[in-house]
Structure formats: structure tokens, C-alpha cells
Amino acid sequence: MIHVHELTKQYAGRTAVDRLSFDVEAGEIVGFLGPNGAGKSTTMRILSGYMPPTSGMALVDGHDVFRESLEVRRKVGYMPEMAPLYHDMRVKEYLHFRAELKGLRGRDLRHRTGEVMELCAVTDVRRRVIGNLSKGFKQRVALADALIHRPKLLILDEPTNGLDPTQIRGVRELLRSLREQHTILLSTHILHEVEQTCDRVIMIHEGKIQACDTPRNLTRSLRATSLVHVELQSATDVAKELEALPGVRKVMTSKTDKGWRAYALRVESQTDIRESVLDLATAKGWRIRELHRQLPTLEDVFVELAAADSGARPFG
Amino acid sequence: MCLWNWRRRIQGQGHLDDETMRVFWTLLKKELRAFFVSPVAYIVLALVMVLGGVSFKAALSVLESAPSEGSIVTWTFHAQWFWLSYFFVFPLLTMRLFAEEKKLGTLETLFTAPVRAWQVVGAKFTAAMVLYAVIWLPSLGNFWLLDWITGGKVEIPVGALRGSYLILFAMGIFNLAMGCFASSLTSNQIVAAVISFTMSVLHFLLGVFALVVGRRLPESMVEAVHYVASVEHIRLFTQGLIDTRPLIYYASLTLLFLTLTHQVVEFRRWKL
């Protein structure tokens, strides 16, 4: 669906996107992840035909984004960051206008407008003026607009930006339900969201791809460490003993309470040391009331990647 | 129509099919709607009606006070009140066109829909042009009313009237095109209005300048400056003298500024 090869975009001497190459297959939901200013929006703007790349190539469904811009725009439903809308129009009126621009006519236009309003749950506000709507509704109107011409590819720039947790969940469900008909490329800096929604994650930092994999593999294969929490009862501080276990990098004592001591062990992510902790406890005669492992989240991965300088890329 | 053909050729884009025209109509409808749901159209309409009435009254006083050379039409379009309304109309009509979309960020949604830049520029300009034509209509009523009250005793030369409105329209589209251009340069409507107003006034003053110091200039230069002098154009046309030179002059400048606007709007595509 998307084929990007050596895509570069420079603004006045600053390189926003630096020789980016990736592919997205039809039917995938791909998350674009990166800190602010990483080049996510720029890449999406290029893919939606809004502006051309400085060099390199981007194809959407086999069409070049620059030379066949109109063709690309017919196939792409794009929702820009901050969901810009005409504030003086009413919701239904706006969607009608957009549908007409995108080539829908007559009965199909009316039917489809009703359909996307239903899908994005804005039917109740269809007669309200957009400028007076809350952020959540505006966001959904913009999403309805992106969907209205049944695009093969949906490009959503931070679709959950500024929404409350219930609305975020709503958008997530909606995206999942849309995967049947559309390929989706979305950007976000909420990692949790990518973990929940996407088949694949493309992490970019300073215009370069840092990692590209499924969310599970990313967290697993990364240098990021997991945490093991253990709470046990012993007469003395046992941090030293715990630290001697293989795979443990660091032991943090979090609290002590009437003889119960809680420790957090930072462990390399591939190793599971819960059993050895239990064995050690049995051998030493400590009582255990908590033992659990906390896997690294994409957040940890993200922080680690962002911190790493571009020379030390974990995935080359 | 020749305008669109010309544009299309410039861009080397395909034939003018139904779909292309339909997108244009959709955009035009939206622009016209935007004028009439905001107070802008009504404020401009009221302003022009009031000042039109005042300049008409001024023209009547001139004719009452002494026998004069010109007709009621000539004096109406020579009143200072007329020029006052004239310069305020263009910034008010055009400042919003592109500046607002830039500010809201809707240019991005607009240009990721399958629309071409010339359709957007054309639709916005046409909407402003339609509105401009509409706001001058009530002033025709003044002449009709005078004719009705006096029972046809005051002579209202029809040719001069037609000529006046023709040149008014020609000068108007030129100033509107400049306004479009000004609006495309900035995301601030006030700045757009100031640029548009300054350009209109400067163009006007260029003509006045020649009339003021004209006698001290060589003949050929006066000729040249008359070519751009709006005051001179109005003088000729309100006497019923239809000269094609000013018409061509304004039409070509309109095209020039619309092309510039188009380039500015498309700039992001060439900025590599």
C-alpha cells in the first residue's frame, strides 16, 4: 500500500526527514512513533500529497505522491494534527462539503455522510456549529471527514491528541473496526496506544528510523530491562544476596514495614529470575508475600531510544 | 471562461471536464456561503449604500448650485465619498480569503482533498467578485429613485451609467485580485487588509500624482501615467466614453495578481 524509499525532506537547511525507507502492506495498522519534531508529521504530509519530498520516492497504492498527487489524494483519507476545521460551518454541512469535494454525489453522498456520522458518533451534533464543539467532537468530525470517501489508506496524525481516556478508547475501538476496509497509518506519542492498536511500530527519531517491528518484539528484543518486585520477611537486609543472583543488574530497596521488606530488582529483559528468587528464599527461610515481574513497556523502549545517540542504534 | 482556459494551459493540466467544474462550484458555493453567514457582506453592503447615498447627495448639490458641465452620473463618481467607500471595500472583502484558512490550518485539509490550486484561487476570487457586483447594485436604485421622483426631469445619461458601472467593475476585479494576493501572503487578516489597502491606494495615487504634476512632465510621460490613472478612467467612463485600453489594463493586472496568488498558494509544492 505504501512504499517509501530514501525519502528526504529539508526545510531551510534543517533535515526533517532523513532517507526514510519503509513499506506498509494493505490491511495493516502501523503506528508512527517518535518524540515531537521527529519527522512524523512531515512524512505524513508527504504521503498525503500535501507537499513534495526534497528527494527520494513515496508511492501510495502504486501512485507517486508528487507526480500523481490528485490520484493519491483520492485514495488517502488524511487527518492533520489538531484537526483543523471551518469553525463557522455546521457538522453535517461541513461533511457534505468535504464529500462533494472528494467526488461523492447525490444519494451516495447523503447516505455516506449519514454513515460516517454514525460511525464517528457525531450524529447528535450534526446541526451544531463546529466552532462551538468540544475538542473530542472536533476530532471525530475530522476523522469522519478523513473516512468519508472510503479511502484505501487512512493517515491519521495524532488522532487521540487532546481526548480524554474514554474518548481515546472509543477511537481505538473505531480504528480496530476500520481495519477490514482500510490500511491505517497513525502517529502518536502515547506508547500505550500503539501497543493496543498497531500491528507494527515504526519508531523515528530525528528523521531516521530507529526501529520497526511489532510492539511485542520491540519490547522483548530491546536492551530495556524489566523489573521484578519482591516483598519478603527477613530479619536483615538481603539486598546483597539478591544482587548476587545471575541476571540482576541492580537492587532497589523500596520500603520496609514490620519486618516485611520490598525490593525492586532491575533485570535484563530476556531473563526470568522469579524462580531463582523463590529458590533462594526457600533456602534462606524467608517468607514471601509478593513476587511479580513487570515487563518493559514501549515507554521504556522509547526513552532508551531517544536517549541513545544516533551512532548507537540498537537495530542498525 | 477564458480565464480558466488560460490558467489551465499555464499548468498544462488535462481538459476541463465535468468533475473539475463541479469541484469549482462546490468551492464557490462554500465561499459565497462564508460571506453571507459572517457579518462581512452586510457591513460592506451597508457601508457602500450609506457612502453611495452621500456621494449621490453631493452630486445633486453640485447640480443644484450652478449649471454644470457633467451629468449626475459624473458628479456621483467624482465625490470624495465615493472614493472613501471604494478603498475600504477591497480589504474587507478579501482579507479573510486565504489568511483565515492559513490560521485555522484548513489549507492542509483543503489541499489533501483532490482539488487543484487554481480551483481554490478561482473560487475564492469569483466569490469576492460576485459579492462586489452585488454591493454596487443598490446604488443603481439612487438613479432610478431620482428619475421616479422628478418624473424624468433630470437627465440621466444611460450610456454614462453603463460606462460607469463597467469601469467600476473592471477596477474592482483588479483590486480584488490584489486583495487575494495580499491575503495569500499572511495568516493574519489585519496584515492582509493593510497590504491590500496600501496597494490599492498606491496605485490610485500613482494616477493622481500624474494629474497634479502632469504639466511639468514631458508629454510622453503624462500619456503613460494616464494609462494607470484610475481617476482619469472614471472621468472618461462617467462621460459615457468607453475606452478599451483601461479595460484591458485592469483585466491583465487581474490575471497577473491571480497568477501570483496561485504561485504563493502552490509555493509549498515547489519549495524543495
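Colleague: What distance separates the centres of domain 1 of chain A and domain 2 of chain A?

Modeller: This is a predicted model. Chain A is divided into domain 1, residues 2-220, and domain 2, residues 225-295. Taken over C-alpha atoms, the centres of these two domains of chain A are separated by 45 Å.

Colleague: Which strands of the open sheet in chain A stand at its edges, and why is one side of each left without a neighbour?

Modeller: The sheet has 6 strands with mixed pairing, in the order β6-β7-β8-β3-β9-β10 (chain A). Two of these strands have a single partner strand each, so one side of each has no neighbour in the sheet. From one strand to the next, the twist averages 15 degrees. The edge strands are β6 (76-79) and β10 (208-213) of chain A.

Colleague: Within that sheet, which residue of β8(A) stands opposite Asp157(A)?

Modeller: Strand β7 (residues 153-157) of chain A runs parallel to strand β8 (residues 183-188) of chain A, and 5 bridges join them. Asp157(A) has its opposite number in β8(A), and that residue is Ser187(A).

Colleague: What angle does the direction of helix α5 of chain A make with that of β6(A)?

Modeller: Helix α1 (residues 40-47) of chain A packs on the sheet, touching β3 (29-33), β7, β8 and β9 (200-205) of chain A, and its direction makes about 150 degrees with that of β7(A). Helix α5 (residues 135-147) of chain A also packs on the sheet, where it touches β6 and β7 of chain A. The angle between the directions of α5(A) and β6(A) is about 165 degrees.

Colleague: In the hairpin of β1(A) and β2(A), which residue takes a positive phi?

Modeller: Strand β1 (residues 2-11) of chain A pairs with strand β2 (residues 14-24) of chain A over 7 bridges, in the antiparallel sense. Gln10(A) has Thr15(A) as its bridge partner in β2(A). The hairpin has 2 residues between the strands, and the residue with a positive phi, near 40 degrees, is Ala12(A).

Colleague: Turning to the two chains, which element gives the most to the side of chain B that touches chain A?

Modeller: The contact takes 23 residues from chain A and 20 residues from chain B. On the side of chain B that touches chain A, the elements giving two or more residues are α2 (18-37), α7 (106-110) and α13 (244-270) of chain B. The residues of that side comprise 9 nonpolar, 6 polar and 5 charged. With 6 residues, the element that gives the most is α2(B).

Terms used: Residues are numbered from 1 along each chain as its sequence is written. Chains are lettered from A and ligands numbered from 1 in the order in which they are written. This is a predicted model: local features need pLDDT of at least 70, side-chain atom pairs count only at pLDDT 80 or more; totals for chains, interfaces and linings use all residues. Domain bounds come from an automatic or database domain assignment. Two strands pair if DSSP finds at least two bridges between them. Helices (H or I, at least four residues) and strands (E, at least two) are DSSP runs, numbered from the N terminus. Axes are lines fitted to C-alpha atoms, for helices over the stretch in contact, and angles run from 0 to 180 degrees between N-to-C directions. Two residues are in contact if their C-beta atoms, placed from the backbone, lie within 7 Å. Ala, Val, Leu, Ile, Met, Phe, Trp, Tyr, Cys and Pro count as nonpolar, Asp, Glu, Lys and Arg as charged, and the others, Gly among them, as polar.
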